Amino acid sequence: MPPRPERSSPYRRAAWALLALAAVAVCLVFRDYGITNDEEVQSTYGRLLARFYASGFQDRSALHYFDLYRYGGLFDLSAAWLNAFSPLGEYPTRHLLGGLIGVAGLAGVWRLGRRLGGERAGWLALVLLLLTPAFVGHSFNNPKDAPFATAMIWALAAIARLLDELPKPRLATALGFGLVLGLALAIRVGAVLILPCLGFGVLLWALGCARDGRSGAIGPALWAGLKVLLPALVLAYAVMALFWPYAWQAPLNPWRVLRTFSHLPIELDTLAAGRWYPADSLPWFYLPAYVVLTLPEVVLAGLAAALGAGTAWLRRGARLDARAAALGAVAFAALFPLAVFVIARPTAYNGLRHVLFVLPPLVLLAALALERLWARCETHSHTAGRTFAAALGLLLALQAGLVVALHPQQYIYFNAFAGGVAGAHGRWEQDYWGNSLPEAVRGLETLLIGENGGRPPPHPARVAVCGNEQAVTGDLPPWLVYEEKWHRADFLIALTHDGCDRELPLPNAVVVERLGAPLAVVKDLRGHALVEHPPEAAPPPPQFQRLEEQD
């Protein structure tokens, strides 16, 4: 195991300071994020869950609300409870909650990094995850996958602690694992994937015992682990059931949902490498490519170093101790879901959102490998260590600049292997949440005020939307009025990621872009005669289509 964490370590103090700054930043920027495509139904689901409990289980609307009954309601129910007294408003409260849960995810990867690699490795894992734009952007915009990623990294941290306590794990540690597993299950039933991770870690530990001539310790350790794991699983089920009442309406409901999600019957197209694919007929490279192309280059470099270190470790036949077993569990958590996708090709869409939970363990593996390289450079010479630190610091600073430049569109990030954000435009999915629409509204406001000598126009202008209407209507000033029919509108606000901006061959009056990639536009329709139904020159918007339960 690495050296015991040092309470006086500068990296420990720096990590605490960074977590505090991240929490403050969340409180400052959460209002910058727009209402996502799914957010209205997600919020409604939370309110229905609250009514289920407030009615003494009599109001059962949540148990058959579109397809959302298939999901645990931990985030949505918590947001509904908070909104009962929050002065911020329904959606800002949800975004603030999501951002703070993201900070909890940062804390989880730091804690696990400290356990496996020491204080500097933990600090580096925290920094790298904070500079991973997909994790940052989804924390505010994604009420399912981002909280799920946070719960899963804390479950991995609990697994590492369990493995460290073998052959006699404590009940308190096992119950901690049960708690975080239950919270993960209360978001997505796919959290059952954490159990094979635990099993793989235990297997590595047992192989280490056998190689060290301690085979006799394996049986008693497994029995001791089973005795504390069973109450932990009971706790996990209870926590899951609290936030997911559909799960306990019938004993096999969680299994039915898990099986359904493997091949969800959904009519939806998704973009990869410049081609639209049906969400249930994706190529094998879909998710692996999205992961590789949306991780920062410095993380990819760390993963390459981790692959090299792992290969060398296997060749040496190094000892399989508790730390090695925990590292194996982390690697399993990062790679096994991607391997399952490549082999089974389950339904997926909207980029990597469905495997967002693999990003923290991947970032952690990269951080551990980079810290190892850093330590080796320091061992070689003081100059080599300082040079490595300077080069790493420069890369981190450049990545931080990209995160700031993308705000609040961090989740559209693509690295240099995809040609950057501009090179990925039109080839890979970017603003599928429609997060850029509020900024388009502000651009239209600026345009009209400029046309009227710095004042709002004397007569209301009518605005149509090709995208999530609610993301626009919530931000309209009194002198901008939403209009459902395009041919009656003065302006059209349209997203670009699905080709909606190309439906009307008119110049763009306003363009919302990040790093050269246009995300949303405003078309000036004044003086142009439109037919009642605009031509369909582009594919229909690939938005999440809710499906009723199949009998």
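The points below are grouped by topic.

The model is predicted: local features need pLDDT of at least 70, side-chain atom pairs count only at pLDDT 80 or more, and totals for chains, interfaces and linings use all residues. Residues are numbered from 1 along each chain as its sequence is written, and side-chain values use heavy atoms, with hydrogens and water left out.

**Helix H9**
- H9 (residues 194–211) contains Leu195; helices are DSSP runs of H or I, at least four residues, numbered from the N terminus.
- Leu195 counts as partly exposed because its relative accessibility is 35%, where buried means under 20% relative accessible area, exposed over 50% and partly exposed in between (1.4 Å probe, protein chains only).
- Among the buried residues of H9 are Ile194, Cys197, Leu198 and Trp205.
- The buried residues of H9 pack against H7 (145–165), H8 (171–185), H10 and H14 (322–344), contact being heavy atoms within 4.5 Å.
- Just after H9, Gly213 has a positive phi of about 75°.

**Salt bridges**
- The whole structure has 18 salt bridges, each a side-chain nitrogen of Lys or Arg within 4 Å of a carboxyl oxygen of Asp or Glu.
- Glu119 bridges to Arg12 at 3.4 Å, N to O; this pair links helix H5 (residues 119–130) with helix H1 (residues 10–29), 107 residues apart.
- Glu119 also bridges to Arg114 at 3.2 Å, N to O.
- Glu119 is buried because its relative accessibility is 7%, and Arg12 is buried at 13%.

Key. Helix = DSSP H or I, 4+ residues; strand = E, 2+ residues; numbered from the N terminus.
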